[in-house]
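Biologist: I'd like a close look at one part of this model, please. Take your time and walk me through it.

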Amino acid sequence: YPSGNLAVMVVRHKAQLACIVQEDKPSRAKIQAVFQWRGRSTCYHPSGTVWINMDTQGGQYFNQAGGRVRRWRWPNSITSSEPQAPLSPIFISLNQHVGVRILGQDKVIVSFLAMGRQAKFNVGAKVQVSSGQLQLPPRIRLSEGELLLLAVRVRILQLLDRLRGCLTFPSTKHWDKIKPPAFLTTQAWKILQLCTSAGMSSELHSSVQAIVNA
C-alpha cells in the first residue's frame with residue numbers, strides 16, 4: 001500500500017500456490033481474501049463475515065449479515081441435468097486499493113491500484129468436477145493440518161453467528177437449538193467429504209466431525 005503496509009502476497013508451498021490480500025494496517029492486519037490455485041477462494045466483508053465463497057463447483061455471494069444473495073455454478077461443473085444458475089460478472093472492492101473481478105472459473109482477477117500504477121493477478125483455476133466428485137491430479141491433496149484448520153474456521157464462524165444472534169436478540173431462550181446458517185452447514189459437510197475422498201484416517205475424520213458439530 002502507499003502506507004508501506006503489505007497488501008498482496010503470493011505464497012508457494014511445494015506445488016501449491018495461494019494469493020492472500022491483507023487490509024492496510026501495520027500490524028495484526030486482517031485477511032480480506034484468500035485464493036487457492038485449486039479453485040477454492042474466499043473474500044471477506046470488512047466486518048469479517050464471508051462475502052464470496054467459491055469452490056470447484058461454483059460460488060456463493062453473501063451480504064454482511066451472512067444471508068446468501070446469489071449462487072452460481074461453473075459451466076460443466078456437474079454432469080447431471082439439474083438446473084444451473086450461470087455466473088453474472090461480479091466486481092467487489094475489498095478496500096480503497098484492491099478489487100476483485102470474477103468473470104469465470106479461470107478468470108478471477110485481483111487488481112491493485114495505487115499512486116497511478118496498477119498490478120493484476122489472475123487467481124482463477126480450471127478444475128473439473130464429474131458426477132459430484134472432485135477430480136484432481138493425484139499429487140494435489142489437502143494435508144491433515146489444512147483439513148483441521150478448515151474445520152476450526154467453520155467452527156469459529158458458527159460461534160460468531162451465535163454470538164451475533166445473542167447480541168441481536170438477547171432475550172431469546174434455547175440458543176442451543178438454533179441451527180447455523182445453511183452455508184456453514186454446507187461447508188462443514190464438504191470438509192467431511194474431503195476427509196473421506198482424501199483417504200484420511202478415521203481418527204482425523206472423527207476429530208473434524210467433532211469440531212464442526214461441537
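Which strands form the open sheet of seven, in what order, and is the pairing parallel or antiparallel?

Modeller: The order is β1-β2-β3-β4-β5-β6-β7, and the pairing is antiparallel. Strands here are DSSP runs of E with at least two residues, numbered from the N terminus, and two of them pair if DSSP finds at least two bridges between them. Before going on, some ground rules: residues are numbered from 1 along each chain as its sequence is written, and side-chain values use heavy atoms, with hydrogens and water left out. This is a predicted model, in which local features need pLDDT of at least 70 and side-chain atom pairs count only at pLDDT 80 or more, while totals for chains, interfaces and linings use all residues.

Phenylalanine 62 stands opposite arginine 68 in β7.

Now zoom in on threonine 42, which sits in β4 (residues 41-44). Threonine 42 is buried, at 9% relative accessible area; buried means under 20%, with a 1.4 Å probe and protein chains only. Its side chain makes a polar contact of 3.0 Å with the side chain of asparagine 53 (a pair of N or O atoms within 3.5 Å; within protein, one must be able to donate a hydrogen and the other to accept it, and residues adjacent in sequence count only if both atoms are side-chain atoms). Setting aside residues up to four places away in sequence, threonine 42 touches Gln32, Ala33, Val34, Val50, Ile52, Asn53 and Arg153, where contact means heavy atoms within 4.5 Å.

Ile52 turns up again in the largest nonpolar core: of its 26 residues, Phe35 and Ile52 touch the most other members. Such a core is a set of buried Ala, Val, Leu, Ile, Met, Phe, Trp, Tyr and Cys residues joined through side-chain atoms within 4.5 Å. β2 (16-22), β3 (31-36), β5 (50-54), β8, β9 and β10 each supply at least two residues, and the largest share, four residues, comes from β10. Beyond its neighbours within four places in sequence, phenylalanine 35 has contacts that include Leu17, Val21, Cys43, Val100 and Val110.

Notes. Buried means under 20% relative accessible area, exposed over 50%, partly exposed in between (1.4 Å probe, protein chains only).
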